[in-house]
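This report covers charged pairs, nonpolar packing and overall layout, in that order. Please read it alongside the sequence and structure shown below.

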Amino acid sequence: QRLGLELNDPQELFDIHCFDDDEGVNFYKFAHVLWPRPGIQPSPTHRFLSALDRAGRLLRVYTQNIDGLERAAKVTSSKIIECHGSLLTAKCRGKGGGKKSKCRAVCKAADLFQDVAAHRVPRCQKCGGVWKPDVTFFGEPLVEKVGKTLEKDRGTADALLVIGTSLQVAPI
C-alpha cells in the first residue's frame, strides 16, 4: 500500500504480462527495494563460495539470487548459474514489449539506478521502450543453460550444499 501499487496479487510485480501491460509502472514503483545499490558487498557466504572456487573445490554455484554478489565475490563467472537471471544488466522491451520488440538494446542495470531510485520507469533513449532487468519473471522460461548444466553436473558433484533458501520458488 505504501508504495501506491495497483495489484490484485503481489506476484504480479514479477509477472511478465503485467510488466508489459502497464509498461513496468508497478514494477518500478517497487524496484528500488531490491535494486543493487552502489557499494553493496558480498556476505561471508559469498566469500566462502569464492574460497572454495580458489581452492579448486567448487564445481558450480546455482543461485536464485538476482543481486550478482557471487560475481562481486570473484567466483569464476563460468561456475555461476544465475537461475533467475540478475539485476546486473537490462534489455529494452521496445515499443510494444515482448515478442513485438524490435530494439533489444542492452545496458548495465547500474545505469538505470537513478530512475529506479526515483521510482521512474527507465526508458530506452534509442526507441523509448521500457528497460526490463535481465531477471526471469513469472511467465518467462528459465534460460536453457540452467537445465543443461544441472543435467551435466548431476553425475559429477561429490557434495551438494544448499544454503540460504527455503526451496519454495519453483522450479528450482
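In this predicted model, the salt bridges come to ten.

| R123 | E23 | 3.1 Å |

R123 is partly exposed, with a relative accessible area of 37%. E23 is also partly exposed, at 41%.

D53 is buried because its relative accessible area is 9%, under the 20% limit.

E140 has a relative accessible area of 25% and is partly exposed, while K132 counts as buried at 6%. In general, side chains of opposite charge can pair when their charged atoms come close.

K132 also has a place in the strand pairing: K132, in β5, is the bridge partner of K91. β3 and β5 pair in the antiparallel sense over four bridges. β5 is mostly covered, with five of its five residues buried.

Which residues touch the most other members of the largest nonpolar core? They are F19, F27, Y28, W35, L112 and W131, in a core of 20 residues. Two or more residues each come from α1 (16–21), α2 (25–30), β3 (85–92) and β5 (131–135). β3 gives the largest share, three residues. Leaving out residues up to four places away in sequence, W35 touches F27, Y28, L87, A109, L112, F113, V116 and P133. A second, separate core has six residues, including L49, L52, V61 and I80. As a general point, nonpolar side chains in soluble globular proteins tend to be buried together.

F137 sits in the loop between β5 and α6 (144–154). Is F137 buried or exposed? F137 counts as buried because its relative accessibility is 2%. Apart from neighbours within four places in sequence, F137 is in contact with L13, F14, D15, I16, F19, F27 and K132. F137 and G85 are 52 residues apart in sequence, and their C-alpha atoms are 9.3 Å apart in space.

On the surface, F48, L161 and I163 form a nonpolar patch with about 290 Å² of accessible area together. F48 is found in helix α3 (residues 44–54), and at 40% relative accessibility F48 counts as partly exposed.

Turning to the whole chain, the protein has six helices and five strands. Along the sequence they follow the pattern α-α-α-β-α-β-β-β-α-β-α. Of the 172 residues, 37% count as buried. Among contacts with a separation of 6 or more, 59% are between residues 24 or more positions apart. The protein exposes about 10,800 Å², of which carbon and sulfur atoms supply 53%.

Key. Residues are numbered from 1 along each chain as its sequence is written. This is a predicted model: local features need pLDDT of at least 70, side-chain atom pairs count only at pLDDT 80 or more; totals for chains, interfaces and linings use all residues. Side-chain values use heavy atoms; hydrogens and water are left out. A nonpolar core is a set of buried Ala, Val, Leu, Ile, Met, Phe, Trp, Tyr and Cys residues joined through side-chain atoms within 4.5 Å. Buried means under 20% relative accessible area, exposed over 50%, partly exposed in between (1.4 Å probe, protein chains only). Contact means heavy atoms within 4.5 Å. Two strands pair if DSSP finds at least two bridges between them. Patches are made of residues with over 30% relative accessible area and no salt bridge: like charges are joined within 9 Å, nonpolar side chains (Val, Leu, Ile, Met, Phe, Trp, Tyr) within 5 Å. Accessible areas come from the Shrake-Rupley method with a 1.4 Å probe; for residues, only the protein chains shown count as cover. A salt bridge is a side-chain nitrogen of Lys or Arg within 4 Å of a carboxyl oxygen of Asp or Glu.
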